[in-house]
Amino acid sequence: MKILGAGAALLAAAGLVWAVQGKPINDTCPVKGGTPIKPGITAVYKGKTVGLCCGNCKGQFESNPEKFVSNIPGLAGPQPRTGVASEAEALKDGKAGSKPVVLLFGDAGGKTKLFSEMLGDPSLDESFGNVLFASVTFDKNGEDAKKYKVTSAPTLLILDPRGEAPKELKKITSGGPAAVKTAIAAAIKSMAK
């Protein structure tokens, strides 16, 4: 009886792990092409659950996901970055760790979506590893927009959080990954002085 109960608990826990991991975003294995995925064989890539057809494909995918993401609709190309939960949390953590804070003021428009995807460019991974990042909903009459003098979305704001009030280091409203990388590098350098 104890063995049956333990087995049921193990199966329930396995089901819970699968449920927490989420439903795969794909129907076919990105490693083998058109082969259908099998339930329970998944990997996580940038917060998304990817289904695979077998353990061998799972191992290949996990060892080099970048090689296969172009085979998954919705994952090809840069993905929007995720950051800390709020502007306040980013400022608090940035101050404690002496890291620049990067705030993206965005709205539901297409320009914000494109800008956000541009920030997901893999060439920015190292740069974003050295800052605290948060997204802020842009509202031209909102307290945050007024405080930082943000007049449109998308706007990327790079701040030094160490003083009594955060100091603006750079405001970016357009440009590509190279401009963002340069601005972050300059912010890190200025905070090191």
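These are my notes from looking through a predicted model of one protein.

**Ground rules.** I number residues from 1 along each chain as its sequence is written, and side-chain values use heavy atoms, with hydrogens and water left out. Because this is a predicted model, local features need pLDDT of at least 70 and side-chain atom pairs count only at pLDDT 80 or more, while totals for chains, interfaces and linings use all residues.

**Overview.** I looked up the secondary structure and got seven helices and six strands; these are DSSP runs numbered from the N terminus, helices being H or I with at least four residues and strands E with at least two. Along the sequence the pattern reads α-β-β-α-α-β-α-α-β-α-β-β-α. Of the 193 residues, 35% are buried (buried is under 20% relative accessible area, exposed over 50%, partly exposed in between, with a 1.4 Å probe and protein chains only).

Four of them make an open sheet in the order 4-3-5-6, with mixed pairing; two strands pair if DSSP finds at least two bridges between them. Strand 4 (132-137) and strand 6 (167-172) are the edges, each pairing on one side only. Neighbouring strands are turned by 25° against each other on average, direction ignored (axes are lines fitted to C-alpha atoms, for helices over the stretch in contact, and angles run from 0 to 180 degrees between N-to-C directions).

I then followed strand 3 (residues 101-106), which runs parallel to strand 4 and is joined to it by six bridges. Which residue of strand 4 is the bridge partner of Gly 106? I found Thr 137 there.

**Helices on the sheet.** Helix 3 (residues 87-97) packs on the sheet and touches strand 3, strand 4 and strand 5 (155-160); contact means heavy atoms within 4.5 Å. The direction of helix 3 makes about 160° with that of strand 4. Helix 4 (residues 110-119) lies across strand 3, strand 4, strand 5 and strand 6, at about 155° to strand 3.

**Rings.** I counted four aromatic pairs (rings of Phe, Tyr and Trp, the last by its six-membered ring, pair if their centres lie within 6.5 Å; planes under 30 degrees apart are stacked, over 60 edge-to-face, the rest tilted). Phe 128 and Phe 133 pair edge-to-face, 5.3 Å centre to centre with 85° between the planes. Are these two buried or exposed? Phe 128 counts as buried because its relative accessibility is 10%, and Phe 133 is buried at 5%. Elsewhere in my list, ring pairs link Tyr 45, Phe 61 and Phe 68 into a cluster.
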